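Please read these notes with the structure open beside you.

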Amino acid sequence: LSFSNPYFHEGGKDFALVTQEADEQWADFVYWVTMATIYAEENGITQNTSNEMPLVNLFGTDLQRLLRDAILAMGNYDEMYRRVFGQNATRAGLNKLNASPFGPQHYPLPF
């Protein structure tokens, strides 16, 4: 198994993505879709505005809409967070976006 860096923190526990170590392409796919949800939140892109996500060639020209379609299907990180924990859930600590050099953990890599 291959573990990502922790991306969600709750009750003193860190949660990470887990994929089969032998399947690097699937691990890359999972990683980029996860980063897309954080990128979308940081850039104000929601399910309703998913067409603002960039077209990418991470997995070939047939999957250029991959990140757009992921956001269209599930929303950005905040939308998913609120769907799971409730609309009034407060994101605190390490679950916030990295808004300053001393801030929390979430920040997307550029596409």
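1. Which residues in helix α3 (residues 77–85) are buried? They are Tyr77, Asp78 and Tyr81; buried means under 20% relative accessible area, exposed over 50% and partly exposed in between, with a 1.4 Å probe and protein chains only. Seen down the axis of α3, these buried residues fall within an arc of 90°, so they line one face of the helix. The arc is taken from the directions from the helix axis to the C-beta atoms. Helices (H or I, at least four residues) and strands (E, at least two) are DSSP runs, numbered from the N terminus.

2. This is a predicted model, in which local features need pLDDT of at least 70 and side-chain atom pairs count only at pLDDT 80 or more, while totals for chains, interfaces and linings use all residues. Residues are numbered from 1 along each chain as its sequence is written, and side-chain values use heavy atoms, with hydrogens and water left out.

3. The buried residues of α3 pack against β2 (8–10) and α1 (24–42), where contact means heavy atoms within 4.5 Å. Just after α3, Gly86 has a positive phi of about 105°.

4. The largest nonpolar core has 18 residues, and Met53 and Leu67 touch the most other members. Such a core is a set of buried Ala, Val, Leu, Ile, Met, Phe, Trp, Tyr and Cys residues joined through side-chain atoms within 4.5 Å. Helices α1, α2 and α3 each supply at least two residues of this core, and the largest share, 6 residues, comes from α1.

5. There are 2 salt bridges in the structure (a side-chain nitrogen of Lys or Arg within 4 Å of a carboxyl oxygen of Asp or Glu). One joins Arg65 and Asp69, at 3.1 Å from N to O. Arg65 is partly exposed at 35% relative accessible area, and Asp69 is partly exposed at 36%. Arg82 forms a salt bridge with Asp78, with the closest N and O atoms 3.1 Å apart. Both Arg82 and Asp78 lie in α3, 4 residues apart, about one turn of the helix.

6. Where does Arg68 lie? It is in helix α2 (residues 66–74). Arg68 is buried yet has no salt bridge, and the nearest side chain of opposite charge, Asp69, is 7.4 Å away. (Lys and Arg count as positive, Asp and Glu as negative; His and the chain ends are not counted.) A polar atom of the Arg68 side chain lies 3.3 Å from the backbone oxygen of Asn51.

Definitions and conventions:
Polar contact = N/O pair within 3.5 Å; in protein donor to acceptor, adjacent residues only side chain to side chain.
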